[in-house]
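Hi everyone, thanks for coming.

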Amino acid sequence: MSLQIIQYPHPTLRHPSKPLRRVDAELRKIIAQMFELMYEHEGVGLAANQVDLPYRLFVANPEGDPAAKELEGVFINPVISGGRGLDTDEEGCLSIPGIRAPVTRNTTIKIQGYDLNGNDISGEVNGFLARVIQHETDHLDGTLFIDRLGPAQATEIRDALEEFELAYQSKLETGELPSADQVANRLKELERLRT
Ligand code: ZN
């Protein structure tokens, strides 16, 4: 399976992901490819639905540096709780390239979940990694950072978003992208296998 990063407003980005039941060899290959794509596009995190897969998992490396392997994290079935403190900082997204805007997030969160080996990765996280985890977990719930903007910022990026919407429409019309129904059927089939 060769993965690609999908862009706003592809419907898979709005698909709430279901928890994974099992990790197998193919899923390990998928995760390796997700890291490759994340580094290639100079990101610090990538959620499964950004590569058109309905699984509750994301990968992250807060430095975005492929040499910093020790900072790589695989988050399977993540659940966030106990958020506290607020901080506003600029965010971008590999599925909405070129758009950046300030987003307010909790500075400290509790994360529960599993890594690729089934180890419990629950704990408290703060700072930039907490922001990345919140952005990526949002993806798994079908939420994008552009949903969390204030009215002034939302107005500021509206034209840019419209460009993405027009590009998506024209790719639908040329058949370069599958219809919403075809996407939904494919996601359902993939969910049947692993969630
Ligand atoms: Zn994103």
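I'll go through the strands, then the salt bridges, then a charged patch, and end with some backbone details.

Some housekeeping before that. What we have here is a predicted model, where local features need pLDDT of at least 70 and side-chain atom pairs count only at pLDDT 80 or more, while totals for chains, interfaces and linings use all residues. Residues are numbered from 1 along each chain as its sequence is written, and side-chain values use heavy atoms, with hydrogens and water left out.

Okay, the strands. When I say helix or strand, I mean DSSP runs numbered from the N terminus, with at least four residues for helices (H or I) and at least two for strands (E). Two strands pair if DSSP finds at least two bridges between them.

Start with strand E1, residues 45-47, which runs antiparallel to E2 and is joined to it by 3 bridges. If you want a spot to look at, Leu46 stands opposite Val59 in E2. Strand E2, residues 57-60, also pairs with strand E3, residues 73-91, again in the antiparallel sense, over 4 bridges. There you'll find Phe58 opposite Phe75 in E3, and Ala60 opposite Gly73. Moving on, E3 is joined to strand E4, residues 101-114, by 11 bridges, and those two run antiparallel as well. Over there Glu90 faces Pro102 in E4.

So which way do the side chains of E2 point? Leu57 and Val59 go one way, Phe58 and Ala60 go the other way, and all are buried. Buried here is under 20% relative accessible area, exposed is over 50%, and partly exposed is in between, using a 1.4 Å probe and protein chains only.

Next up, salt bridges. In general, side chains of opposite charge can pair when their charged atoms come close. Our rule asks for a side-chain nitrogen of Lys or Arg within 4 Å of a carboxyl oxygen of Asp or Glu. How many salt bridges does that rule give? The count comes to 16.

Let me pick out a few. Arg14 forms one with Asp147, and the closest N and O atoms are 2.7 Å apart. Arg14 sits in the segment before helix H1 (25-40) and Asp147 in the loop between helix H2 (128-140) and H3, so this pair ties together parts that are 133 residues apart in sequence. Both ends are partly exposed, with Arg14 at 38% relative accessibility and Asp147 at 39%.

Another one brings together the side chains of Glu124 and Arg84, at 3.0 Å from N to O. That pair also links distant parts of the chain, since Glu124 is in strand E5 (residues 123-126) and Arg84 is in strand E3, 40 residues apart. Arg84 counts as partly exposed because its relative accessibility is 44%.

Then there's Glu72 with Lys69, at 3.4 Å from N to O. Glu72 has a relative accessibility of 26%, so that residue is partly exposed too. And do look for the network: Asp87, Glu91, Arg105, Arg131, Asp138 and Arg148 are linked together by salt bridges.

Now for the charged patch. Which residues gather in a patch of negative charge on the surface? They are Asp159, Glu162, Glu163 and Glu165. Glu162 belongs to helix H3, residues 151-174, and at 42% relative accessibility Glu162 is partly exposed. For a sense of distance, take Ala180, which is in helix H4, residues 180-194. The C-alpha atoms of Ala180 and Glu162 are separated by 18 Å, and the two residues are 18 residues apart along the chain.

Last, the backbone. The peptide bond from Tyr8 to Pro9 is cis, with omega near 0°, and Pro9 is found in the segment before H1.

Which residues have a positive phi without being a glycine? One of them is Asp52, with a phi of about 65°. Asp52 lies in the loop between E1 and E2, and why does Asp52 count as buried? Because its relative accessibility is 15%. Asn77 has a positive phi too, about 50°, and is not a glycine either. Asn77 is part of strand E3 and, at 17% relative accessibility, Asn77 counts as buried.

Conventions
Patch = residues over 30% accessible without salt bridge, like charges linked within 9 Å, V, L, I, M, F, W, Y side chains within 5 Å. Areas by Shrake-Rupley, 256 points an atom, 1.4 Å probe, with all protein chains shown as cover. Lys, Arg positive; Asp, Glu negative; His and termini not counted. Charge placed at Lys NZ, Arg CZ, Asp CG, Glu CD.
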